[in-house]
Amino acid sequence: MTTNPGNTAASTTKPTGSITEGLRFGRFPITAVQPVIEDGAFPAKAVPGEGIVVGATSFREGHDQLGVSAVLHDAAGAERQRVRLAPPRGERGMGTDRWEGILTPSEPGNWTFSIEAWHDRYGTWHHNAEVKIAAGVDVELMLAEGAALLGEAANDESRDGNDRHVLGRAAQALADTGRSTEERLGAGFAADVTDVVARQPIRELVTVSRRYPLLVERERAGRGAWYEFFPRSEGAVKDHTTGAWTSGNFRTAAKRLDAVAAMGFDVLYMPPIHPIGVQHRKGPNNTLIAGPNDPGSPWAIGAAEGGHDAIHPDLGTFEDFDAFVARATELGLDVALDLALQAAPDHPWVASNPEWFTTRVDGSIAYAENPPKKYQDIYPLNFDNDPEGLSREILRIVLLWVSHGVKIFRVDNPHTKPVWFWEWLIAEVDKNVDGVVFLAEAFTRPAMMHALGRAGFQQSYTYFTWRNTKAEIEKYFAEVSHESAAFFRPNFFVNTPDILTEYLQFGGPAAFKIRAVLAATASPLWGVYAGYELYEHVARPGAEEYIDNEKFEYKARDWEGAAASGRTLAPFITRLNHLRHNHPALQDLQNLTVHHTTDDATVAYSKHKTLPDGTKDTIIVVANVDPHGARECTVVLDLAALELDQQDLTPGGGFYVDDLLTGESWEWGEYNYVRRDPHLEPAHILSVRRMHQ
């Protein structure tokens with residue numbers, strides 16, 4: 001609930017008097033404020049319109065009532081929102097002195113928030129009057145105190161005139177000895193009085209925390225559906241007589257953009273588009289010998305034609321690239337480029353700046369290794385020999401591509417570079433251009449992944465790909481939506497050119513639908529690598545990578561034939577993205593609640609959002625994560641998480657839900673029987689019907 005500050009004349013951060021100088025506690029302790037990263041050294045993150053869970057632990061001596069509020073300030077320092085906090089649901093709110101609420105920033109900028117704790121004068125009187133008058137103790141005194149309190153508030157000129165009238169009328173009734181005790185007390189407890197006080201509490205002894213940083217970034221930093229394709233494959237043609245390929249290019253790839261946009265994606269991501277090294281070029285399926293027609297891995301960047309600031313000649317020119325970006329923009333797509341900070345042996349840097357690499361004892365330059373994998377076609381960079389020179393060169397490259405309309409970078413293996421470098425680079429880019437987004441492709445230990453988020457990466461790949469059982473999914477969803485959400489935004493890619501899990505290899509089409517539902521509904525960021533919609537599932541033996549991997553060769557896909565024969569998931573993906581765009585609850589991260597089910601392969605969770613106009617959007621997802629067989633169970637809902645209003649309830653005390661995938665509707669309650677067959681429809685995506693909206 002949004003409230004006004006109310007009486008603040010007695011506001012102090014500490015009791016007055018010299019004896020309090022230098023004390024860390026104010027009149028009322030305020031501790032464990034969230035979201036706060038490293039005591040405010042790094043800002044918590046948000047996007048416009050996102051509901052941010054704000055909390056603190058606060059308490060007081062004695063038995064009087066305490067009120068706690070969160071206050072949101074915009075980049076100019078102006079107060080924009082004030083919310084009364086309340087104890088969290090369930091065990092977290094029982095006897096813990098924990099208080100939580102939702103703040104919602106409205107536009108990008110460097111915002112701040114603070115916590116206020118205060119003596120709740122009306123709440124204290126209300127509690128004491130209720131208890132004492134029922135027991136016949138100090139009846140007249142309690143009524144007189146209520147009359148004085150509400151009378152004082154009625155004279156507060158900062159209040160709305162109608163509110164002052166409500167309070168004044170209640171004060172008069174409380175003081176009217178000609179009425180019964182019940183009538184007088186009822187006037188002080190009336191709904192219109194409690195409503196006025198809820199909106200503008202009667203406060204005293206206000207303790208204010210310091211302000212904590214909240215970085216609000218553009219929407220695409222925290223919301224979006226990503227689609228990845230290799231531009232060289234889109235429009236590539238094979239001569240079946242010679243076996244030689246003619247590469248696709250930006251102009252042929254642009255023809256695929258309409259289909260990507262039609263599926264509802266927001267971001268089109270391309271692997272590196274630069275010249276590819278010839279020395280030690282990899283052949284098909286990562287073999288060490290490449291034939292004369294093998295294109296090599298796009299991540300082996302650099303050749304005689306140039307390095308990171310050049311375009312592969314087969315793809316076209318900068319003019320062609322600009323036309324590609326312009327067409328994507330027309331279709332509402334952001335273009336994301338791969339930023340892979342490494343070099344092929346024939347990259348121009350190797351000759352011009354050998355100090356940017358690691359030289360071994362025998363004089364050779366060390367190539368990349370991730371034992372047992374070896375990448376002889378790639379030289380990793382060394383940031384310790386010439387950190388300033390190398391860093392400024394990379395900044396130049398990033399700003400070059402920004403000047404050509406690229407505002408999103410997917411960063412390859414950022415965990416193999418120093419974290420300080422990323423903190424510096426992202427800050428420098430932000431000084432030059434607003435709204436550039438960096439996605440970390442960091443499949444590594446949590447500490448490094450989280451550090452990259454603190455350093456400035458707006459989003460990150462995650463372990464979601466390998467979280468497939470019910471227990472794994474429930475635990476991971478709770479972690480990313482509540483424990484790390486302030487600094488780590490998860491982008492749930494369902495597959496990548498490097499990752500084809502056993503779940504997808506052997507789960508059949510049902511597995512592809514299940515993973516798409518989970519990714520698209522649990523996180524406001526999700527991604528798909530081309531071919532997912534065609535159920536591509538054959539792996540290189542003994543690996544979690546695709547056979548005939550597109551990293552090392554061209555891949556021509558028959559999109560039209562698949563659509564004509566119904567062998568495509570594209571309509572289902574389109575539906576998921578449509579639901580994401582039309583349901584605000586699916587666009588937030590911190591609003592996810594996991595619900596109990598009685599089956600070990602059925603996952604249930606909900607997402608709820610109350611909009612500024614009071615409209616409520618609530619989605620319940622129930623998914624059978626066993627792709628091989630039907631499952632049935634009871635879904636036990638935490639009804640408080642749905643924020644049902646009385647008018648939403650049926651005469652029997654239930655509520656209606658509409659399945660957004662099938663169009664079916666049911667009356668649900670706390671306990672609900674569910675059966676999901678993965679070969680028919682593996683999941684429910686239910687919208688709670690609001691009867692008054």
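**Salt bridges and a buried histidine**

Arg327 is partly exposed, at 27% relative accessibility (buried means under 20% relative accessible area, exposed over 50%, partly exposed in between, with a 1.4 Å probe and protein chains only). The model is predicted: local features need pLDDT of at least 70, side-chain atom pairs count only at pLDDT 80 or more, and totals for chains, interfaces and linings use all residues. Residues are numbered from 1 along each chain as its sequence is written, and side-chain values use heavy atoms, with hydrogens and water left out.

Side chains of opposite charge can pair when their charged atoms come close. A salt bridge is a side-chain nitrogen of Lys or Arg within 4 Å of a carboxyl oxygen of Asp or Glu. By this rule there are 50 salt bridges. One of them joins Asp258 and Arg327, at 2.7 Å from N to O. This pair links distant parts of the chain, 69 residues apart: Asp258 is in helix α7 (residues 257-262) and Arg327 in helix α8. Helices (H or I, at least four residues) and strands (E, at least two) are DSSP runs, numbered from the N terminus. Asp258 is partly exposed, at 37%. Salt bridges that share partners also join Arg27, Arg60, Glu61 and Asp64 into one network.

Glu219 and Arg223 form another salt bridge, at 3.6 Å from N to O. Glu219 is partly exposed, at 39%, whereas Arg223 is buried, at 6%.

His308 lies in the loop between β13 (267-270) and α8 (318-330). His308 is buried, with 2% relative accessibility. Contact means heavy atoms within 4.5 Å. Not counting residues up to four places away in sequence, His308 touches several residues, including His274, His347, Trp349 and Trp401.
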